[in-house]
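Here are a few friendly notes to read alongside the model. They cover side-chain contacts, one point at a time.

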Amino acid sequence: MKAVTVPESVRTIEKYAFYNCTALEECVIGNPQIMENDIFTNDKTVKIIAESKSAAEKYAKDNNIKTETP
């Protein structure tokens with residue numbers, strides 16, 4: 001799987017949700033209110049697509065993950 005979209009209805013993304021998804025290149029994230037640590041453990045190539053100033057954008061920046069806005 002190279003891309004995944006987390007829908008707006010998802011409010012929490014739990015730890016290790018994408019653990020070892022080494023082929024994952026892009027993750028479009030709706031607007032979860034809670035994003036736990038280590039969601040993308042062992043996945044160094046993923047880019048998070050998220051709204052500006054969202055929890056997903058903050059998570060990406062805090063964890064040195066590439067990010068862009070839709």
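How many residues apart are Asp62 and Lys58 in helix α1?

1. Asp62 and Lys58 sit 4 residues apart in helix α1, a separation of about one helical turn. Please keep in mind that this is a predicted model. The two side chains form a salt bridge, with 2.6 Å between the closest N and O atoms. Lys58 is exposed at 52% relative accessible area, while Asp62 is partly exposed at 49%.

2. The whole structure has 5 salt bridges. One of them joins Lys15 to Asp38, at 3.8 Å from N to O. Lys15 belongs to the loop between β2 and β3 and Asp38 to the loop between β4 and β5, so this pair ties together parts 23 residues apart in sequence. Both ends are partly exposed: Lys15 has a relative accessible area of 40%, and Asp38 has 34%.

3. Lys47 and Glu68 make a salt bridge as well, with their closest N and O atoms 3.3 Å apart. Here strand β5 supplies Lys47 and strand β6 supplies Glu68, so parts 21 residues apart in sequence are tied together. Lys47 is partly exposed at 25%, as is Glu68 at 37%.

4. On to the rings: there are 3 aromatic pairs. Phe40 and Tyr59 form a tilted pair, at 6.3 Å and 50 degrees. Phe40 comes from the loop between β4 and β5 and Tyr59 from helix α1, so their pair ties together parts 19 residues apart in sequence.

5. By contrast, Tyr16 is partly exposed at 42%, and Tyr19 is partly exposed at 41%.

Terms used: Residues numbered from 1 in each chain as written. Predicted model: local features only at pLDDT ≥ 70, side-chain atom pairs only at ≥ 80, totals over all residues. Heavy atoms only, no water. Phe/Tyr/Trp six-rings, centres within 6.5 Å; stacked < 30°, edge-to-face > 60°. Buried < 20%, exposed > 50% of the residue type's maximum accessible area, 1.4 Å probe, protein only. Helix = DSSP H or I, 4+ residues; strand = E, 2+ residues; numbered from the N terminus. Salt bridge = Lys/Arg side-chain N within 4 Å of Asp/Glu carboxyl O.
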